[in-house]
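Here is a short walk through one protein model, written for someone who likes to keep the structure open while reading. Please have the viewer ready.

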Amino acid sequence: MRLSRILIPSALLLILASCQTMTPEERRAADERTCAGYGFRAKTDAMARCLLDIELDRRAQTRSMMERNDQMFWHSPIVVERRVIVHRP
């Protein structure tokens, strides 16, 4: 089970790094192939758990990316420059 905790995120990164957008059906099929590659059999509780873990990892990664983007936006320095022009007679 430890091995799957390493391989699942790695597989997710490969899937997410692809240039194409996958349909939900394609994503599900890819997830099933991934879990089958780990040795889980279709229509078992173990397969369902593997698929759930993949989906939860995907959601966590999305949240993490969104949080990082928010931090970059909100925590970047803001430079305010005020120029005063004095007219002398």
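Is Thr34 buried or exposed? With a relative accessibility of 17%, Thr34 falls under the 20% cut-off, so it counts as buried. This residue sits in helix α2. Setting aside neighbours within four places in sequence, Thr34 touches Ala11 and Ile54.

## The model and its confidence

Please keep in mind that this is a predicted model. The average pLDDT of the protein chain is 82, and 75% of the residues reach at least 70. Confidence is highest in helix α2, with a mean of 96. At the other end of the scale is helix α1 (residues 2-17), where confidence is lowest and the mean is 68. Where pLDDT is low, the predicted coordinates should not be read in detail.

## Overall layout

The secondary structure consists of three helices and zero strands. Read from the N terminus, the order of elements is α-α-α. Of the 89 residues in the protein chain, 18% count as buried.

Looking at contacts in the protein chain with a separation of 6 or more, 43% are between residues 24 or more positions apart.

## The nonpolar core

Which residues make up the largest nonpolar core? There are six: Ile8, Cys35, Met47, Cys50, Leu51 and Ile54. Helix α3 (residues 45-74) provides the largest share of this core, with four residues.

Beyond its neighbours within four places in sequence, Ile8 is in contact with Tyr38, Asp53, Ile54 and Asp57. Ile54 is a core member, and Ile54 is also one of the contacts of Thr34.

## The disulfide

How many disulfides does the count come to? The count is one disulfide, and it joins Cys35 to Cys50 with an S to S distance of 2.0 Å. The two cysteines are 15 residues apart and link distant parts of the chain, with Cys35 in helix α2 (residues 24-37) and Cys50 in helix α3. As a reminder, a disulfide is a covalent bond between the sulfur atoms of two cysteines.

The angle about the S-S bond is -90°, and the link between Cys35 and Cys50 is left-handed. Both ends are covered: Cys35 has 0% relative accessibility and counts as buried, while Cys50, at 2%, also counts as buried. Cys35 and Cys50 are also members of the largest nonpolar core.

## Salt bridges

A search of the whole structure turns up five salt bridges. One of them pairs Asp31 with Arg58, whose closest N and O atoms are 2.9 Å apart. This pair links distant parts of the chain, since Asp31 belongs to helix α2 and Arg58 to helix α3, 27 residues apart. Are these two partners buried or exposed? Asp31 has a relative accessible area of 6%, so it is buried, and Arg58, at 7% relative accessibility, counts as buried as well.

Arg58 has another salt bridge, to Glu55, with 2.8 Å between the closest N and O atoms. Arg58 and Glu55 both lie in helix α3, three residues apart, which is about one turn of the helix. Glu55 is partly exposed, with a relative accessible area of 27%. Salt bridges with shared partners join Asp31, Glu55, Arg58 and Arg59 into one network.

## A pair within helix α3

Asp53 and Arg49 form a salt bridge too, with their closest N and O atoms 3.1 Å apart. Why are Asp53 and Arg49 separated by about one helical turn? They are four residues apart in helix α3, and therefore about one turn lies between them.

How values were computed: Residues numbered from 1 in each chain as written. Predicted model: local features only at pLDDT ≥ 70, side-chain atom pairs only at ≥ 80, totals over all residues. Heavy atoms only, no water. Core = buried A, V, L, I, M, F, W, Y, C linked by side-chain atoms within 4.5 Å. Buried < 20%, exposed > 50% of the residue type's maximum accessible area, 1.4 Å probe, protein only. Contact = heavy atoms within 4.5 Å. Disulfide = S-S within 2.5 Å. Salt bridge = Lys/Arg side-chain N within 4 Å of Asp/Glu carboxyl O. pLDDT = per-residue confidence, 0-100.
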